[in-house]
Amino acid sequence: MALLRSPLFWIATATVVVAALLPLWFSAYLLGVLTAAYYFGVFAMAWDLLFGFAGEVNFGPTFLIGVGAYTAAILNSTYGLPIPVCVVAAAFAAVVGGILLAVPALRLRGPYFGLVTLVAVLLLQNFVVIFAGVTGGEIGMTVPDVLSVDVNTNYWYALSFLVLCAVLLFGLSRSAVGLILQASGQDAVEAAALGFNVTKHKIAAFCVSALFSGTAGAMLIFYMGTASVDTVVDVAIAVQIIIAAVLGGRRTILGAVLGAVFLIVANEFLRPLGQLNAFVVAAIALGVILFFPDGLLGYALHRSERE
Amino acid sequence: MRAVQILVDGFAISSLYALAAVGFTLIFGVSGVLNLAHGGIMVVAALVGWLAAGELGLGTYAGTLVGVVAGLITAYATYLIVVRPIQRSRAIRPEETEIFVLTGTLLWGIMIQVGMAYLFTDNPVTIRPLIAGVVNIFGVRTPANEIMIAALSWAAIGLLWLLVNRTRTGKALLGASMNARAVTLLGYELSQLYLVAWTIYGVLAGIAGVLLASFLGVSTTNAGQLTASAFSIVVLGGLGSVSGSLIAAYIVGYLETATAYLIAPTLRPIPSLILLVLVVYVRPQGLLGRR
Amino acid sequence: MQRRLSEARLWLFGCAALAIGLSPLAAAAQNAEPIRIGVIGEESSVAGASLTKAAAMAAEEINAHGGVNGRQIEVITYDDHSSAADAVRAFQRAVSQDKVVAVIASYISEVVLAIEPWSARLHMPFITPGAASNLISKAVHDDYDHFKYTFHGWLTSAFIAQAICDYAKEQLVGPFHLKTAVVMSEDAAWTKPLDEHYLECLPQAGLKVLDHIRFNPDTADFTPIFHQIEDQHPDVIITGISHVGVQPTVQWHDQQVPIPMVGQSSQATTSTFWKDTNGAAEGVITDTAAAADVALTPSTIPFTQTYVKKYGVTPAYDGYTSYDMVNVIAEAIERAGGSTDPDKLVTALEATDHVGTIGREQFYGRDNQFTHALKYGPGLVTTVAIQWQNGKQMCVWPPDKANAKISFPSFIKLHASAE
């Protein structure tokens, strides 16, 4: 089978196996950092699908994530619904949000599209802050249920979720649908000329991205036990997601995971800097944009191509 | 009585919004850059102005000028360190430049905010009023400073209008916003024009920042909000349209003020947000937008 | 040359002997594990930064006096960037990576409420030196076995409101013939119980509450709010603000709102407030833990002076409590016979009877609805009310500690003159 001969497949599998065994060596704290990074990886992959393949720069991945996360948080906190129900509801809400966003946004070209997605995030942010009674406002709300108190269990939940999403998203990107998306993204006119309904496919891409973003958002909430604007809605998070995907290499899906892990680990590693760790991470990210716009995996892949 | 209160209060805040928004839309119109570090530049101007006026003992007027200069310097830094390198980078595909610029300015904005918070803490600061005391306008007790601020905002906007419509450089800027290539054919250096645009932008943002500090007070936590506010107004008015931004600023300013007075202070930002949603769905290019 | 060499050899021999002689002591000191206390603050906020600095100072002083049972205290600080999620991650890091025995964290109620369930899950004793929400201690009361590790090292909102009502009654209602009030507070977790208690105790103090305004903590323009308040002609504005402070104060001053502002304004408790408002703070009265130059206890002024000498600013209200809580933890460890086992530590903490910098500190027990909160009352912790006058914080209440009379700026129009 072609898949078994692909080196990428073996490297990926080896990485997953090593990752699964990390709880044997790593401390609880480091595992916690990686757990958060894995969920972030799903955010980044979902974004890469939309941008890399549908060609749409989405400044509001956190709109979709936030809708999912807060739906789950409010359902669990106010109505006491069990976690699985909340997660499913979150996914559903995020997809609805994705459609609501996609419809006006896709009528626009260039910066206007990005603007609309950014406006969506601002709206959600204001909504959360204003209705602080229900949502906990700027500083956040706690949810009574968590996935697990055990660090290892949380870690494996996150890892399996990441692997599942990666397989699905990567598979999608290489499938016929994915190729059509890629065509629509690179050159919409030609794709339409070839008979493909570009808009329908882009809306579908939005929905898929929304599904994964919203679900991951809900899972993240139940891991952390808190939901707040600055972890799931803030534009700063959206930027970090974009950076993660760009850092890892756009249009590679898997690169996004690398970028996400790198970013989150760097953030925590620099925590002893105190106030300035956000500054340093932003500076590093800016440096990457300026000097390595193709990202880590992108750079590696291009080099191997040239050789 | 209430109506007069709303009229007076709304006018000052709308003028300030207008000043902040005009700079933002100008830089987009001329060079196609959506500067998401906009709020950061205003915050730098405000904080440095406060520092100069108070700590360094320069007094209110000199301190304010120092603040504006600081805003200008930050604008230059934004252009020269972030925007221009990305625009000139050969590693980035031309159709992706805008996205990278957006992301770059956003990151730069974060760096400014965190850096300023480190130096100044996130406590809000205020610049002493340029004119102290209150005046009575149709029975509404208004700080004289508020009137001064509205006047200064309009003076700045008026100067900008003069510059754009009556000077050669200004007209070239206007031309560049419509057709950059044609302007180069007329013999203008685009890079020089961009520098002029960023200079004007820096001064406008700097003035907006110090005036805001004098009127309401500014803290590093406002940076994101200020960008978002200027941004929403510009989207409403139409990207690249200065008159659109002016009108939109007043609409938003008065909507907010009226809401705060007539409905509830907590719901202040909501009507303008709803308006924004409507505009995005119904007329995405804004009220007076061109493209 | 020869003489110099032999001198050098003598020195060398002497030093070596000294080193060998001292090394068992050195080894012994290294063998005694330090006691680690995690301190989570908000470094870019004036109050949050004070928290960590004061804790570090407390640890230094304790170590200078020999530590706790011969062990040194090591304070590890974290910045949570005013974010609940960041604070939770810092807490988790403190517990599992840095192996602390107790955590002192935050002055923001929302952050503390997010950490509380984790202190329960991870069995980590945790004290907040500055948050105020009633829910913090009510959770301990309602589910003691689960939440017993949380301690509230500051007064609950209910008691803060009570303190304000007490001084309004004693210092304002009578002397200034005030009859009506409007409550103005930010919409946050700590002000919900604060306002509830205001509405109860203000009438008892003789003030009729005409209106109750809650505004978005993000508000920048307070003009409509002040106009709305003024339209109702109250005699006093009772405040509950912490997230905001500079802006409403400056605008109150610039607009010359003729109504005094009294209550809890956390930002007004810091010494930088005067500069940040360019003097607009003149006449503002706020409740706070302690005031400069007021000897609430024998250790108040020495602590303030040492802090100012070291850091250049006076401590914020939670600096006092943070300092005290490090000492409280140290005493509890000694009481527990040197053990840092969480359950033993909790029992020891409950027996706290510590004369700190703000008063005599004891925690309520299971019989009180605010289990593990600081006890309020004469002889314990009462807080003080200060008024900004000419750039300084002057104490105006309690009467036995007051060092100034209340005086308002000229634009304030009181309905009757002072006695």
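How many helices and strands are there in chain C? Chain C has 14 helices and 14 strands, where helices (H or I, at least four residues) and strands (E, at least two) are DSSP runs numbered from the N terminus.

## Basis of the model

This is a predicted model, in which local features need pLDDT of at least 70, side-chain atom pairs count only at pLDDT 80 or more, and totals for chains, interfaces and linings use all residues. Residues are numbered from 1 along each chain as its sequence is written, while chains are lettered from A and ligands numbered from 1 in the order in which they are written.

## Overall form of chain C

The radius of gyration of chain C, taken over C-alpha atoms, is 24 Å, close to the 22 Å that the globule rule gives for 419 residues, so chain C is as compact as a globular protein of that length. The globule rule is 2.2 Å times the number of residues to the power 0.38. The C-alpha trace of chain C spans about 90 × 60 × 35 Å along its principal axes.

Of the 419 residues in chain C, 60% count as buried (20 or more other C-beta atoms within 10 Å of the residue's own, with C-beta atoms placed from the backbone). Among contacts in chain C with a separation of 6 or more, 69% come from residues 24 or more positions apart; two residues are in contact if their C-beta atoms, placed from the backbone, lie within 7 Å.

## Two domains in chain C

The domain assignment, automatic or from a database, gives chain C domain 1 (32-154 + 296-361) and domain 2 (158-288 + 383-397). Their C-alpha centres lie 28 Å apart. The contact takes 14 residues from domain 1 of chain C and 13 residues from domain 2 of chain C. On the domain 1 side, helix H2 (46-64) and H4 of chain C each supply at least two residues, and the largest share, three residues, comes from H4(C).

## Contacts with chain A

Chain C contributes 23 residues to its contact with chain A, and chain A contributes 21 residues. On the chain C side, the elements giving two or more residues are helix H3 (84-97) and helix H4 (109-121).

Chain B also touches chain A, with 35 residues of chain B in contact with 31 residues of chain A. The largest share of the chain B side, 15 residues, comes from H4(B).

Technical notes:
Buried ≥ 20, exposed ≤ 12 C-beta atoms within 10 Å, placed from the backbone.
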